[in-house]
Amino acid sequence: MSGTARALVVYESMFGNTQRIAAAIGEGLRPAFETEVLAVGQTPRTLPGDVRLLVVGGPTHAFGMSRPSTRDQAAAQGPMVMPATTGVREWLEMLGPRRTETVAATFDTRVNKVRRLPGSAARAAARRLRHQEYEVIAAPASFYVGDMTGPLDEGEVDRARKWGEQLVIAQGSRPAGATHHHRRGH
Ligand SMILES: Cc1cc2nc3c(=O)[nH]c(=O)nc-3n(C[C@H](O)[C@H](O)[C@H](O)COP(=O)(O)O)c2cc1C
């Protein structure tokens, strides 16, 4: 049934850690979805209508999604894997209210030493997506790094792939065509 269904993983990453997690989530999705993993700056301006699952993730900066100022602070730390010009916050703003039959899930990376602290970019992104009328089908997921520039904790890449596999199950166990019925005729 989901033979041609598409999934899109959109990620932001300064030092490459979130990029690796995004790639691993993509691997977990690939058996079930035609999957693309794209950096925020490379994403089409509008979401293609046949994207069934949108997965969005970025680094946790100052307890939430990055801002221009926090990305500049990151850039001052060392080489970056993508330009600091845009992030998940700006991308979601550009995306606007849901116009497609797409459900969503969010993830982030955070520092393991402060894992007791509440701030999570994934949680903030999920909240934003719900405001934009997206159904968020899984609890926001955090993956941990040892320090600001990494590395990822042992086992996190594996856990990310498995989280992707779980998203397939979560998406598949929703009532058939559940989102379809709302916005047909569009
Ligand atoms: C300006 C700035 C603020 C940060 N604030 C937080 C924070 O509030 N909580 C946290 O757990 N990690 C924080 N971090 C660490 C980032 O989460 C970490 O750099 C990120 O997970 C690395 O992913 P990346 O390589 O994809 O950029 C911060 C990093 C930067 C650069």
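Predicted model: local features only at pLDDT ≥ 70, side-chain atom pairs only at ≥ 80, totals over all residues.
## Helix H3 and its two sides

On one side of helix H3, Glu93 and Met94 are exposed, meaning that 12 or fewer other C-beta atoms lie within 10 Å of a residue's own; buried means 20 or more, partly exposed is in between, and C-beta atoms are placed from the backbone. Helices here are DSSP runs of H or I with at least four residues, strands are runs of E with at least two, and both are numbered from the N terminus. H3 spans residues 88-95, and its buried residues are Val88, Arg89, Trp91, Leu92 and Leu95. Looking down the axis of H3, these buried residues fall within an arc of 165°, so they line one face of the helix; the arc is that of the directions from the helix axis to the C-beta atoms.

The cover over the buried residues of H3 includes strand S1 (6-11), S3 and helix H4 (121-131). Just after H3, glycine 96 has a positive phi of about 70°.

Residues are numbered from 1 along each chain as its sequence is written.

The protein has a mean pLDDT of 92, with 92% of its residues at 70 or more; pLDDT is the predictor's confidence in each residue, from 0 to 100. Over residues 180-186 the pLDDT is below 50, and beyond near neighbours in sequence this stretch has three contacts in the model, a contact being two residues with C-beta atoms within 7 Å. The model's scores are ipTM 0.99 and pTM 0.93.

## Helix H5

Now to H5, residues 156-172: its 17 residues reach 24 Å from first C-alpha to last, close to the 24 Å expected at 1.5 Å a residue, where the expected span is 1.5 Å times one less than the number of residues. Buried in H5 are Glu156, Ala160, Trp163, Gly164, Leu167 and Gln171. Their arc is within 105° as seen down the helix axis, so they line one face of H5.

Turned away from that buried side, the face of H5 carries exposed Asp158, Ile169 and Gly172. H1, S3, S4 and strand S5 (141-145) are among what covers the buried residues of H5.

## Around the ligand

The ligand is surrounded by 23 residues, the closest being Ser13, Met14, Phe15, Thr18 and Thr109; a residue is near if its C-beta atom lies within 6 Å. Helix H1 (17-29), helix H2 (68-75) and strand S4 (103-111) are the elements that give two or more residues to this shell.
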